[in-house]
Amino acid sequence: MSIAAPAQAQTLWTWSPTGSVAGAGAGADPRWVWDEEADPLVASLIERGDVPQVNALLRTWKKNGQPLPDGLPADLRDFMERARQLPSWADPAKLDLAVKFNEKRGLYLGVLYGLASGMMSTVIPKEALAVYYSQGGADMKDRISKTAKLGYDIGAVNAYKPDGEMIVTAVKTRLVHAAVRHLLPQSPYWTPVAEEDIPISQADIMVTWHSLPTTVMRKLTDWKVPIPAAESAAFLHSWQVGAHMLGVEDEYIPNSWAEANSQAEQVLDPILRPTPEGIKLADILLNLGAPIDAGILSAPILGAFTRFMLGDEIANWLKIPRELIWDPLLKTAWGPFIAVREGLLPFPLAPKAYWLFDEFLRKAALLFLSEAKPISIEIPLTNRPATSHG
């Protein structure tokens, strides 16, 4: 706790709601705001014993435009009908343009969501602890597949359209978050190490949000990937709508990349640090590629990419070893590789490393944004079992 205290002090909320999509707001510190609609509802579902029936029914609800299944409890149905509505400020033209952005940058996005955002989550202390001690921590492959589904769904051609799945994914995730808020405070393992009494505040969701689109755009900018301003704004808009659909109050959702970066500088950058739980999660993530390896996604390469994307400090926190071949190769060849890929440099004399990078991008996109198996996001009834605390 002595380590946690200064980190918390740094995150005093001063970001102004005038920079939000709402343009105004009370300015309340989002660390003490949760989900006033979903939380009591899901706690009631758990206490009433309704969750197994609800999960069984919701397995059939897959597409945004699909009617809710018959048989849901009335209070849950009423909530979900409200929660599935896009905000009034959602712009269909921008959401369509975001699809073009995702199509052009799909290979980059796969590796960025997986390694920049996914690995960063292991050094976000509250998130690492909440993931590790909740039910999802016991099966990280399943947990990661569900997180990757959100990244896949938000980038799909029909993300928010009736035949898409992003709205369904967001509403189900909102229900899961509410369940975790009810269950984790009952965990004898989470409670002694947690900095807060209730997990997944509005601030926590926005910290995770910044580990996704804000971090992705920072990296694409660092790599000098040329992105038209309209496409950049459209990509942001798709994630602004996503935050709203996850239950974030509009006054906390930044209205521009400049505002997103200013908020991230306050709430994300200063709080990153290692935890024993996060180090274990990172180790699991680095070994996710083993079953489909084909010699290109082995842990050393994933580790080298993590070091390259997140820097030496975070890589050292996560005990990722240095790689004699891949570390220097990424430093010297990645910039020219991006330039060749983007048509800024001629291709004929591209070294063999470029082909390796391209193959890595394809495999990583497949791994982190795969639709290979049906993924069902379900309301949990328990925390991580005691027997799995390795």
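This is a predicted model: local features need pLDDT of at least 70, side-chain atom pairs count only at pLDDT 80 or more; totals for chains, interfaces and linings use all residues.

Guide: Let us begin with Arg48, which counts as partly exposed at 38% relative accessibility.

Visitor: With which residue does Asp75 form a salt bridge?

Guide: The partner of Asp75 is Arg48, and the closest N and O atoms of the two are 2.8 Å apart.

Visitor: Which parts of the chain does the pair of Asp75 and Arg48 tie together?

Guide: Asp75 belongs to helix 4 (residues 74–83) and Arg48 to helix 2 (residues 38–48), so the bridge ties together parts 27 residues apart in sequence.

Visitor: How many salt bridges does a search of the whole structure find?

Guide: The search finds 20 salt bridges. One of them lies between the side chains of Asp96 and Lys161, at 3.1 Å from N to O. This pair links distant parts of the chain, for Asp96 is in helix 5 (residues 92–120) while Lys161 is in the loop between helix 7 (140–155) and helix 8 (166–183), 65 residues away. Asp96 is partly exposed at 38% relative accessibility, and Lys161 is likewise partly exposed at 38%.

Visitor: How far apart in helix 10 are Asp222 and Lys219?

Guide: The general idea comes first. An α-helix has 3.6 residues a turn, so residues three or four places apart point the same way. In the present case, Asp222 and Lys219 are 3 residues apart in helix 10, which means that about one helical turn separates them. They form a salt bridge whose closest N and O atoms are 3.7 Å apart. Lys219 counts as buried, at 15% relative accessibility.

Visitor: Which residues are linked in a network of salt bridges?

Guide: Arg307, Asp312, Arg322 and Asp327 are linked in such a network.

Visitor: How is a pair of aromatic rings described?

Guide: It is described by the distance of the centres and the angle of the planes. The structure holds 18 aromatic pairs. In one of them, the rings of Trp223 and Trp334 have centres 5.2 Å apart and planes at 70°, so the pair is edge-to-face. Trp223 is in the loop between helix 10 (202–222) and helix 11 (229–245), and Trp334 is in helix 16 (residues 326–341); the pair therefore ties together parts 111 residues apart in sequence. Trp223 counts as buried at 10% relative accessibility, and Trp334 is buried with a relative accessible area of 1%.

A second pair is formed by Phe305 and Trp326, whose ring centres are 6.2 Å apart with planes at 45°, so this pair is tilted. Phe305 in helix 14 (residues 299–310) and Trp326 in helix 16 are 21 residues apart, and the pair links distant parts of the chain. Phe305 is buried with a relative accessible area of 0%, and Trp326 is buried with 12%.

Visitor: Which residues do ring pairs link into a cluster?

Guide: The cluster comprises Tyr108, Trp223, Phe305, Phe308, Trp326, Trp334, Phe337, Tyr354, Phe357 and Phe360. A ring may also face a charge: the charged end of Arg384 sits over the ring of Tyr132, 4.0 Å from its centre.

Visitor: Finally, how many helices and strands has the chain?

Guide: The chain has 17 helices and 0 strands. Of its 390 residues, 55% are buried. Among contacts with a separation of 6 or more, 76% join residues 24 or more positions apart. The accessible surface comes to about 16,600 Å², and 60% of it belongs to carbon and sulfur atoms.

Technical notes:
Residues are numbered from 1 along each chain as its sequence is written. Side-chain values use heavy atoms; hydrogens and water are left out. Rings of Phe, Tyr and Trp (its six-membered ring) pair if their centres lie within 6.5 Å; planes under 30 degrees apart count as stacked, over 60 as edge-to-face and the rest as tilted. Helices (H or I, at least four residues) and strands (E, at least two) are DSSP runs, numbered from the N terminus. Buried means under 20% relative accessible area, exposed over 50%, partly exposed in between (1.4 Å probe, protein chains only). A charge sits over a ring if NZ of Lys or CZ of Arg is within 6 Å of the ring centre and within 35 degrees of the ring normal. Contact means heavy atoms within 4.5 Å. Accessible areas come from the Shrake-Rupley method with a 1.4 Å probe; for residues, only the protein chains shown count as cover. A salt bridge is a side-chain nitrogen of Lys or Arg within 4 Å of a carboxyl oxygen of Asp or Glu.
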